[in-house]
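Dear colleague,

Please find the structure below, handed over for your own work.

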Amino acid sequence: MEISDRIAVMGVLNVTPDSFYDGGEHNEVEDAVQRAEEMVEKGADIIDIGGESTRPGADSVPAEKERERVVPVIRELDLDVPISVDTRKPEVAEAALDAGAEIVNDVTGLEDERMRKLVADRGCDAVIMDSVNIPVEKGAEHPYDDVVGDVKARLEKKVERARKAGVGDGQIIIDPGFGFGKGYDGDREILRNIEAFTHLDYPVLLGCSRKSFFGHEFGLEKDERLEVSVAANVLAAYKGADIVRVHDVRETVRAVKVAELMQ
Ligand code: HH2
């Protein structure tokens with residue numbers, strides 16, 4: 001993906017019964033389409049559609065079921081912005097690309113060889129996110145001495161592996177994987193050092209919106225995390241994040257303009 005001066009806002013659309021924030025809200029195709037259109041009206045630059053929750057402790061969803069959740073929505077959409085599919089399964093990614101998605105957002109960082117090949121063959125953009133074990137077990141934390149150093153090193157390996165499979169530099173977006181078993185100290189270090197991930201010269205995506213870190217840090221419930229999520233995204237954007245993945249599009253779109261202005 002071309003890095004532009006503008007900060008891109010990716011709106012989250014989970015077509016799942018159990019996503020940690022918007023689960024169960026748009027299970028009907030019509031509702032999901034309406035939500036996507038609303039987010040575009042509010043200024044979203046990308047719509048990220050997922051059919052499997054990756055919250056710690058979530059049940060895995062068979063590929064066929066995940067495909068049945070996301071593909072009809074993608075087919076129905078006619079948006080002016082690109083659609084990204086949030087999946088770790090090549091079968092789902094392929095069907096989503098066939099239906100009109102343009103970006104693969106893989107929380108395993110293209111772990112599956114078939115996913116790397118698919119992205120290379122299709123020439124689509126891909127988010128390579130850092131994670132250790134997906135699905136993350138509830139309460140599981142990967143031990144770290146130096147979370148930023150470890151994540152950077154793992155991302156470098158994942159990027160190298162993708163490049164070896166034929167994925168071009170212009171297709172790659174990297175993501176440190178906020179949450180995803182890093183523990184609250186790890187999440188805090190990622191926020192504090194977001195600029196460290198610009199070392200590879202790929203656009204950096206951050207997905208911290210409403211995550212449980214904010215509950216731990218500030219004692220806020222999920223529905224009380226709007227302001228802290230917006231603030232974190234603005235500051236992350238100011239420090240170098242190129243794309244922020246959020247549930248609250250209008251507020252984030254307006255607020256990141258301040259980061260652009262002050263950069
Ligand atoms: N976080 C979630 C899902 N996908 N993708 C990227 N690239 N980065 C993230 O941080 C990220 C992601 C989890 O958030 P959400 O989709 O709202 O919840 P759930 O996994 O429960 O559906």
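A polar side-chain atom of D86 lies 2.9 Å from a nitrogen atom of the ligand, which counts as a polar contact (a pair of N or O atoms within 3.5 Å). This is a predicted model, in which local features need pLDDT of at least 70 and side-chain atom pairs count only at pLDDT 80 or more, while totals for chains, interfaces and linings use all residues. Residues are numbered from 1 along each chain as its sequence is written, and side-chain values use heavy atoms, with hydrogens and water left out.

A nitrogen atom of the ligand is also 2.8 Å from an N or O atom in the side chain of N105. At the backbone of F20, a polar atom is 2.9 Å from an oxygen atom of the ligand. The protein buries 98% of the 480 Å² that the ligand exposes when taken alone (Shrake-Rupley method, 1.4 Å probe).

In total, 18 residues surround the ligand (a heavy atom within 4 Å). S19, S53, T54, D175 and H247 are the closest. By class, this shell holds six nonpolar, seven polar and five charged residues.

The whole structure has 24 salt bridges (a side-chain nitrogen of Lys or Arg within 4 Å of a carboxyl oxygen of Asp or Glu). One of them joins E66 and K89, at 2.4 Å from N to O. E66 belongs to helix α2 (residues 63-76) and K89 to the loop between β3 (83-86) and α3 (90-99), so this pair ties together parts 23 residues apart in sequence.

With kind regards

Technical notes:
A polar contact is a pair of N or O atoms within 3.5 Å; within protein, one must be able to donate a hydrogen and the other to accept it, and residues adjacent in sequence count only if both atoms are side-chain atoms. Ala, Val, Leu, Ile, Met, Phe, Trp, Tyr, Cys and Pro count as nonpolar, Asp, Glu, Lys and Arg as charged, and the others, Gly among them, as polar. Helices (H or I, at least four residues) and strands (E, at least two) are DSSP runs, numbered from the N terminus.
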